Amino acid sequence: IVSGAVFFLALPVLYVKLILKEPISALGFRGSERRHGWISIPLVTIPILSILYLSVLYYPVEDGYYIPSIAAGSFWLFLLYEILLVGTIAFLYEALFRGFVQLFWLRKSGLFAILFQTMLFFVFVLVTDGVTWQSIPMLLSAAAAGFVAQYTRSIYYSWVAAWLLLFLSDAYLLTLL
């Protein structure tokens, strides 16, 4: 978590703030410029969860998906795990991929920015862990959070969307295991 916080959060913030002398709001650390930021979250959550559901119908999830046994055994520990660990990791990914790459670096690219940051995240997952059932919800949430970030220009809304997708995915996949 500490190395992730340095690489995914501190370096982009320091680069934008100290080197480029721009405000960190350029990374998406701001409220939405649109009045309906909260509407975009269910608009991406429903299709992504539908894709996950259809994927589970055709591919065996038991082989490659796990939740730590301590979190899987207790609702409150599962909730704590999802809020603290999954929420933190989701925020770090949002800061780098949706904030720095999509909203800052590719800010004038429009919808191409969503595709590029999703492909970059896919390559990151491929290189670090490989694509398994464990990474499928993260990959799906990267695309969905990209749409939310592009629409709202805020990583706060995309973070909520990504975390909600990961939480609901874990809860659903836990029922299958």
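Author: With 177 residues, a compact globule would have a radius of gyration near 16 Å, and the chain has 16 Å, so the two agree; that radius is taken over C-alpha atoms, and the globule rule is 2.2 Å times the number of residues to the power 0.38. This is a predicted model, where local features need pLDDT of at least 70 and side-chain atom pairs count only at pLDDT 80 or more, while totals for chains, interfaces and linings use all residues. Residues are numbered from 1 along each chain as its sequence is written, and side-chain values use heavy atoms, leaving out hydrogens and water.

The chain has 7 helices and 0 strands; these are DSSP runs, with helices being H or I of at least four residues and strands E of at least two, numbered from the N terminus. Buried residues make up 44% of the 177, where buried means under 20% relative accessible area, exposed over 50%, and partly exposed in between (1.4 Å probe, protein chains only).

Now let's zoom in. Ser154 is in the loop between α6 (136–152) and α7 (155–176). Ser154 counts as buried because its relative accessibility is 0%. What does Ser154 touch, leaving aside residues up to four places away in sequence? Its partners are Gly28, Arg30, Gly31, Ser32, Leu103 and Ala149, a contact being heavy atoms within 4.5 Å.
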